[in-house]
Amino acid sequence: MKAIIWDLDETLWVGTVYHGESVKLKQETKEILKQIDKLGIDQYVCSHNVKEHVFKQIDEFGLRKYFKIIKAEIGIEKDDMIQQILDETGLLPEEVVFIDDTGINRELVRLKVGCHVDFEEDLYRVMKYFDTDRLKSMNQQRTRTDFETKWTGTRKEFLKLVKNEITIKEAEESELPRITNLANRTNDLNAARSRYTMQEMRDIFESGDYVIWVAYLTDQFGDYGLIGEIIVNVSDAKHWFIKDWCVSCRTMGRGVGTELLRSVKEIANVSAVEKVTGCVIPNDDNYRMGPMYIKAGFKKGKVEDEKHYYIYEVK
Ligand SMILES: [Mg+2]
């Protein structure tokens, strides 16, 4: 499927702007539009509506950027509007799915234009046309967030209850693409903020000067995959240097960053290492990283060229 055409009233939001009512965006609408956009699928609007009401509402919700064409007319049937979209874009009917809460509109478009038509209360279901893996992980994430929002106990109890399980291991070659990607895409939980090409990461991996440890996370809702990494320069047997340390923001508050540091400390404790140094290059996003070093038992060291150093002395 190359494109999706959305109805608005009672589809993307609850209520009808046609009558000038105030409407409420469905809980999942923004996330769905964003995810489909990320997949490179073109999105359009086809609405039987007052044009000014539609544009005003779309702008108020901040949705304009997701739609390539917005058709909002009163005197034209939906099949004609959609045919116009196909004519303007060169899309074929079989490449398009039209989502509309009104059965008669769907039937008309199916018979006269020939594109796929569908509607389900839960908008997440439309992901089945594009990417089922993403649908699965979005559903997991939603269940998780719902659960977390309703939880009133302590953080620790929460993590135990959801069977939060972190696995740390040494990186393998097959994980290099994911490791590179994670370093390049993480902002909030990224200490030194280095970005890498695949080749640069491979050079690090193969050099023998570094060890890369990676973290995996699972909980009762599903599998997060590889979501954290720490790259340590071990070329000086007595003094290790943490070159990079980052964790996916999706797993903030799950203890992954702390666990990575703890593992490095544990291994340092039983080897010839006397000192482990880490560094944070702070900006507006990664302010949590310094305090995380401190919490893990590192002491604040010098600041040099924007680099804030944190030191762990092995006893
Ligand atoms: Mg509708």
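**Exposure, cores, sheet and crossing in a predicted model**

E304 is found in strand 13, residues 299-304. The model is predicted.

Reader: What makes E304 count as exposed?
Author: E304 has 9 C-beta neighbours inside 10 Å.

Reader: Into which domains is the protein chain divided?
Author: Domain 1 covers 3-133 and domain 2 covers 154-313. The C-alpha centres of domain 1 and domain 2 lie 42 Å apart.

Reader: Which residues touch the most other members of the largest nonpolar core?
Author: That core has 37 residues, and A215, I230, C246, V256, L260, V264 and V276 touch the most other members. Apart from it lies another core, of 32 residues, including A3, L33, V45 and C115.

Reader: What is I230 in contact with, leaving aside its neighbours within four places in sequence?
Author: The partners of I230 are W213, I242, W245, L260 and V264. For a contact, the C-beta atoms of the two residues must lie within 7 Å.

Reader: How do you know that strand 1 and strand 4 pair?
Author: Two strands pair if DSSP finds at least two bridges between them. Strand 1 (residues 3-6) and strand 4 (residues 42-48) have four bridges, in the parallel sense, so they pair. I4 stands opposite Q43 in strand 4.

Reader: In what order do the five strands of the open sheet stand?
Author: The order is 5-4-1-6-7, and the pairing is parallel.

Reader: Why is one side of strand 5 and of strand 7 left without a neighbour in the sheet?
Author: Strand 5 (69-73) and strand 7 (116-118) stand at the edges, and each has a single partner strand, so one side of each has no neighbour in the sheet. On average, neighbouring strands of this sheet are turned by 20° against each other, direction ignored.

Reader: Which residues meet where helix 7 passes helix 8?
Author: From helix 7, L176, P177, I179 and T180 meet M198, M201, R202 and F205 in helix 8.

Reader: How do the axes of helix 7 and helix 8 cross, and is the crossing left-handed or right-handed?
Author: The axes of helix 7 (residues 176-185) and helix 8 (residues 198-207) come within 9 Å and cross at roughly 115°. The crossing of helix 7 past helix 8 is right-handed.

Methods. Residues numbered from 1 in each chain as written. Predicted model: local features only at pLDDT ≥ 70, side-chain atom pairs only at ≥ 80, totals over all residues. Core = buried A, V, L, I, M, F, W, Y, C linked by C-beta atoms within 7 Å. Buried ≥ 20, exposed ≤ 12 C-beta atoms within 10 Å, placed from the backbone. Domains from an automatic or database assignment. Helix = DSSP H or I, 4+ residues; strand = E, 2+ residues; numbered from the N terminus. Axes fitted to C-alpha atoms, helices over the stretch in contact; angles between N-to-C directions. Left-handed = near helix turned anticlockwise from the far one by under 90°.
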